[in-house]
Amino acid sequence: MATSPPTATEALSPTVSQRDQWIVESQVFEIYQLFATIPPNAQSIMLEVQRDKHIEYLSKGLRHLGSNFSVLDANRPWLCYWIIHSIALLGEFIDDELEDNTIDFLNRCQMPHLATTYAAVNTLITLGGDKALASINRWMHVEGEIDARACYTAISVASVLNILDEELIKNVGDFILSCQTYEGGIAGEPGSEAHGGYTFCGLAAMILIGEANRLDLPRLLDWVVFRQGKECGFQGRTNKLVDGCYSFWQGGAVALLQRLHSIIDAQMAEASQFSTISDALEEKESLAGTSSHASCRIKHEGVNESHSPDFKNIGYNFINEWRASEPLFHSMALQQYILLCAQEQDGGLRDKPGKRRDHYHSCYCLSGLSICQYSWSKRPDSPPLPKVVMGPYSNLLEPIHPLFNVVLEQYREAREFFAGL
Ligand SMILES: CC(C)=CCC/C(C)=C/CC/C(C)=C/COP(=O)(O)OP(=O)(O)O
Ligand SMILES: [Zn+2]
């Protein structure tokens, strides 16, 4: 039977398990309202990023993985990425020996699978330095999964390694366009349900190939912002529960859309023009993304009309053409969900209270937190004002490149390295 929600005084010093129980029973929302009644100094203790505990949890995971580095397993590059990227987000580094072992290990498993290739490449970029970067064999992969995630991992890797070309891009835009559903979000495959994971992948891939303007962006934005629930976290799809990992998949997608405002405005202006001339058929085609209407020809920074050689620089231009603007989701509320509901006080982050921590959720909750913290910034890495960082300012994480989900400083190093090859 459900216990009654805690009073504000009780909530000031609950044990961790008591707090989780309240959060689960209250469906998170009441604890959010209750939280506002707690004095600011107590709030700031509850909202602190448990850095040392997270580092301890993550390092233990990496050491454990390291003791078995000789074993090849499809998940290991992912675990390397989730752990090492999380550590980098927290502004820490791993020791030289572990770094060497990780590089050697990732080079032993350069096998032709797109998703793990993405994980391995992002890990090596995060480690940085000549040894890690030069160890990347800029191979190509033919065939494999056909879905929005495969498109993204292939395009992301090719873009960051500076090997994106016309051949690789061919038909990718058509495929992703066919995955945008009637709801506005993007599905893994045509005919499937729109989902946050694939929405991030589809949108990021479309931006990286210069074809984001072919998507129905107002409808995509509408779908994604309504995935932020009253619990303050994001859900992955309509009528499902919120989950910490969507802080990045959905929060990251909104952060990308925030940078496409001129094209969104143009598409909206055009749609309203259609309504006035009541060219219903053309409008319908345009919303379905099948129209060759002018909206497909709108120019935007980082979006090319046709594939000019500059599409290789879209990822780089994306962060250079950054302008100050406001987030299109409730960034403070999402930070609160991550810190209060997804964070384990003993280290590690999770889907929601009652679920166990894991490295995947640690990575994507921290990535989402970083997105939130820099969502008002004038430059992608300019330090945010304290008022937009939930909890103490020491919570501030490293900024990421939102198209690749690697820490910005390491992205810049990799960009310089591969641009020179
Ligand atoms: C680059 C990369 C790693 C991309 C991954 C993208 C991603 C997270 C795709 C989601 C896949 C999916 C349909 C999950 C649904 O799980 P569920 O039914 O358990 O969860 P739900 O109830 O929240 O939908
Ligand atoms: Zn999750």
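Is Lys-60 buried, exposed or partly exposed, and how many other C-beta atoms lie within 10 Å? Select Lys-60 to find out. This is a predicted model. Lys-60 counts 13 other C-beta atoms within 10 Å. Lys-60 sits in helix H5, residues 51-66. Lys-60 and Ile-83 are 23 residues apart in sequence, and their C-alpha atoms are 9.8 Å apart.

**The whole chain**

Zoom out and show the cartoon. The protein chain has 21 helices and two strands. Of its 421 residues, 47% are buried. Take contacts between residues at least 6 apart in sequence: 72% of them join residues at least 24 apart.

**The core**

Next, colour the largest nonpolar core, which has 114 residues. Helix H6 (residues 76-89) gives this core its largest share, ten residues. Then pick out the residues with the most contacts inside the core: Leu-124, Cys-151, Ile-155, Leu-203, Ala-204, Ala-205 and Ile-207. Centre on Ala-205. Leaving aside residues up to four places away in sequence, Ala-205 touches Cys-151, Tyr-152, Ile-155, Val-172 and Ile-176.

**Helix H13**

Select residues 196-208, helix H13. H13 has 13 residues, and 13 of 13 are buried. From first C-alpha to last, H13 reaches 18 Å, close to the 18 Å expected at 1.5 Å a residue. Step just past the end of H13 to Gly-210. Gly-210 has a positive phi of about 75°.

**Helix H12**

Move to residues 172-179, helix H12. The buried residues here are Val-172, Gly-173, Ile-176, Leu-177 and Cys-179. Look down the axis of H12: these buried residues fall within an arc of 155°, so they line one face of the helix. An α-helix has 3.6 residues a turn, so residues three or four places apart point the same way. What lies over the buried residues of H12? The cover includes H10, helix H11 (166-169) and H13.

**Ligand 1**

Finish at ligand 1. Which helices each supply at least two residues of the shell around ligand 1? They are H10 (148-160) and H13 (196-208). Show side chains for Arg-149, Tyr-152, Thr-153, His-195, Gly-197, Tyr-198, Cys-201, Gly-236, Arg-237, Lys-240, Asp-243 and Trp-249, the residues around ligand 1. Colour the shell by type: four residues are nonpolar, four polar and four charged.

Key. Residues numbered from 1 in each chain as written. Chains lettered and ligands numbered in written order. Predicted model: local features only at pLDDT ≥ 70, side-chain atom pairs only at ≥ 80, totals over all residues. Near = placed C-beta within 6 Å. Helix = DSSP H or I, 4+ residues; strand = E, 2+ residues; numbered from the N terminus. Nonpolar A, V, L, I, M, F, W, Y, C, P; charged D, E, K, R; others polar. Buried ≥ 20, exposed ≤ 12 C-beta atoms within 10 Å, placed from the backbone. Arc of directions from axis to C-beta. Contact = placed C-beta atoms within 7 Å. Core = buried A, V, L, I, M, F, W, Y, C linked by C-beta atoms within 7 Å. Expected span 1.5 Å × (residues − 1).
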